[in-house]
Amino acid sequence: MHHTKHRLTSVMTPLTTVLLTVLLVAFSGCGGSDDSFSDDIKNRLEAAIETRMAEYDVPGVIAGVWVPGHGELVVGKGKADIETGKAPESADKVRIGSITKTFVATVVLLLAEEGKLSLDDKLSRYEPQAPNADNITIRHLLNMTSGLFDYTSDSTFWGTVLTNANRVWTPRELVDVAVSHTPKFSP
């Protein structure tokens, strides 16, 4: 179990490195005012992706760069499916994992700006069964200081992941795993 969890974590660093390299190469070459990337920039982006993929043994990558006034470039390299050898395509569905938090936080902040909720609302308003819900605010949840247990630290969760990697978890199921544990610390 620990080995797989470590493997999942260790893959994130190479993928992050690949994407950061792509972005650095893309932004370092942006100049002019046309609406597309030059062939030189496209070649540098693809070379950067291939170099990092090889360095970190990443089987496949879909990387996209969108720069206003310069256009967009989406590149699929390697294998989307290591068993069949299928190449990645820009329309493929991919998990975004931890980056989901950024998108959720953005939506929550927009809802707060619209007055539909407050960052100081108590969690008990939305999830009354959560431990310490009367003391946890949306702000605590967003800045990760709620103290709530992280479901990815649950051994039963990992046991299921290891025996059924394709299992789809609903948000409700993941919340239930988290709130079934004692909080790690006070908000």
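Trainee: How many salt bridges does the structure hold?
Mentor: There are 11 salt bridges. A salt bridge here is a side-chain nitrogen of Lys or Arg within 4 Å of a carboxyl oxygen of Asp or Glu.

Trainee: What kind of model is this?
Mentor: This is a predicted model, in which local features need pLDDT of at least 70 and side-chain atom pairs count only at pLDDT 80 or more, while totals for chains, interfaces and linings use all residues. Residues are numbered from 1 along each chain as its sequence is written, and side-chain values use heavy atoms, with hydrogens and water left out.

Trainee: Which residue forms a salt bridge with Lys-77?
Mentor: Glu-50 does, and the closest N and O atoms are 2.8 Å apart. Lys-77 is in strand β2 and Glu-50 in helix α2, so the pair ties together parts 27 residues apart in sequence. Helices (H or I, at least four residues) and strands (E, at least two) are DSSP runs, numbered from the N terminus.

Trainee: Is Lys-77 buried or exposed?
Mentor: Lys-77 is buried, at 17% relative accessible area. Glu-50 is partly exposed, at 41%. Buried means under 20% relative accessible area, exposed over 50%, and partly exposed in between (1.4 Å probe, protein chains only).

Trainee: Which residues are linked with Lys-77 in a network?
Mentor: Glu-46 and Glu-50 are linked with Lys-77 by salt bridges.

Trainee: New topic. How many residues has the largest nonpolar core?
Mentor: It has 12 residues, among them Phe-37, Ile-41, Leu-45 and Val-75. α2 (39–56), β1 (60–67) and β2 (71–78) each supply at least two residues of this core. Another core, of 5 residues, lies apart from it and includes Leu-123 and Val-179. A nonpolar core is a set of buried Ala, Val, Leu, Ile, Met, Phe, Trp, Tyr and Cys residues joined through side-chain atoms within 4.5 Å.

Trainee: And where is Asp-121?
Mentor: Asp-121 is in the loop between α3 (100–113) and α4. Asp-121 is buried, at 13% relative accessibility.

Trainee: Which residue forms a salt bridge with Asp-121?
Mentor: Arg-125 does, with the closest N and O atoms 3.0 Å apart. Arg-125 is exposed, at 56%. Asp-121 also has a polar contact of 2.9 Å, side chain to side chain, with Tyr-126. A polar contact is a pair of N or O atoms within 3.5 Å; within protein, one must be able to donate a hydrogen and the other to accept it, and residues adjacent in sequence count only if both atoms are side-chain atoms.

Trainee: What about Asp-154, where is its place?
Mentor: Asp-154 sits in the loop between α4 (138–142) and α5 (155–163).

Trainee: What does the side chain of Asp-154 make a polar contact with?
Mentor: The side chain of His-181, at 2.5 Å. The side chain of Asp-154 also reaches the backbone nitrogen of Thr-156, at 3.1 Å.

Trainee: Which residues is Asp-154 in contact with, leaving aside its neighbours within four places in sequence?
Mentor: Phe-149, Val-177 and His-181. Contact means heavy atoms within 4.5 Å.
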